Amino acid sequence: MASLHRVVVLAAEGVVPFELGIPSRIFGACAYAAGTPLYEVVVCTPTGGPVRTDAGFSIAVDHGPEALATADTVIVPPSHGLGALYENGVLDEELAAALARIRPGTRIVSICTGAFVVAAAGLLDDRPATTHWNEATNFKRLFPQVRVDEEVLFVDDGDVLSSAGAAAGVDLCLHLVRRDHGSAIANRVARICVVPPWRDGGQAQYIERPVPEPSTATTAATRAWALERLERPLTLGELATHARMSVRTFTRRFRDEAGVTPGQWLTAQRVELAKQLLETSDLPIDHIADRAGFGSANSLRQHLRTAIGVSPAAYRRTFHTAEVR
């Protein structure tokens, strides 16, 4: 039996309990989705002793920094007890020593302002990353060598990944499950945890926007309508007509609500449908391209390579047998 993928979560002083619990909840649910455990999740602290949370209570954990040397994936949730780090971008000695135990090649993941810790350790130099939109300006000041995108929910740069604030950690952990084991298991984990398997757009939809009045028209019904018709060539005019808006109004409201343009959103949904069909069916590639609305196998190949860097055939070889039966 293959050994479990070991996820080690580093809880520093002032850790935020919500984000601290995300990895255990998401990766732990994989056991229910797959029938057998796929991950082992442990929590450690930089010293091995208890740490205060930012919620008025302390936590005692079973592992010290030595656990980081055993990790396949290290996750750093946000901590509000590292004040100096947010002022000068420098790790304290205990935290730096703990991070130095991580083996080369280990997958590194930050949630929210955990990106400050990862960046201060030099692990984000010359790489793309994100963090909570409200902390992005300070992050850029402290770490100008990091290519920050504060508008996305998460960034996947291969062996180093980062997410935006709070619930975006759920999005990123589900993405990791999807990347490791395919959409079928990730979607089941999402259902078990009663969260969407993926969310449209990015942080742009959460940045200082007034809450619309209940009577305000939205594009949600049109998005649901389009999801049932992905095999068809849907034009912007057709979408706007369904929403009973002008093209200009529809485009603006769609971007405000979804964080992306209608065209970008449609492409993302078609890619996701194609991935699911590749995982769960034996349909030929050209049939999948038709059902997902790409029109041709060549178009599907181009879009899948752009989205996830692999061909349809390679994706199927990796994930078709990973589906739970």
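In which sense do strand S5 and strand S6 pair, and over how many bridges? Strand S5 (residues 73-76) and strand S6 (residues 107-110) run in the parallel sense, joined over four bridges. The views below come from a predicted model, in which local features need pLDDT of at least 70, side-chain atom pairs count only at pLDDT 80 or more, and totals for chains, interfaces and linings use all residues. Residues are numbered from 1 along each chain as its sequence is written, and side-chain values use heavy atoms, with hydrogens and water left out.

**View 1. Six strands make an open sheet.** The strand order is S2-S1-S5-S6-S10-S9, with mixed pairing. Strand S2 (39-44) and strand S9 (154-156) stand at the edges with a single partner strand each, so one side of each has no neighbour in the sheet. On average, neighbouring strands are turned by 15° against each other, direction ignored. Two strands pair here if DSSP finds at least two bridges between them; helices (H or I, at least four residues) and strands (E, at least two) are DSSP runs, numbered from the N terminus.

**View 2. Strand S5 is covered on both faces.** Thr73 and Ile75 lie on one side of S5, Val74 and Val76 on the other, and all are buried. Buried means under 20% relative accessible area, exposed means over 50%, and partly exposed is in between (1.4 Å probe, protein chains only). Follow Val74 across the strands: Ile108 in S6 stands opposite Val74, and Val8 stands opposite Val74 too. S1 and S5 run parallel and are joined by three bridges.

**View 3. Phe116 and Phe143 form an edge-to-face pair.** Their ring centres are 6.1 Å apart and their planes are at 75°. Phe116 sits in helix H4 (residues 114-120) and Phe143 in the loop between helix H5 (136-142) and strand S8 (147-148), 27 residues apart. Both Phe116 and Phe143 are buried. Ring pairs also link Tyr86, Phe116, Phe139 and Phe143 into a cluster. Rings of Phe, Tyr and Trp (its six-membered ring) pair if their centres lie within 6.5 Å; planes under 30 degrees apart count as stacked, over 60 as edge-to-face and the rest as tilted.

**View 4. Phe250 and Phe254 form a tilted pair.** The distance is 5.5 Å centre to centre, with 55° between the planes. Phe250 and Phe254 are four residues apart in helix H10 (residues 247-258), about one helical turn. The charged end of Arg223 sits over the ring of Phe254, 5.8 Å from its centre; this calls for NZ of Lys or CZ of Arg within 6 Å of the ring centre and within 35 degrees of the ring normal.

**View 5. Cys112 is buried, with a relative accessible area of 7%.** The closest cysteine sulfur to that of Cys112 is in Cys173, 13 Å away and too far for a bond. The whole structure has zero disulfides (pairs of cysteine sulfur atoms within 2.5 Å).

Conventions. Axes are lines fitted to C-alpha atoms, for helices over the stretch in contact, and angles run from 0 to 180 degrees between N-to-C directions.
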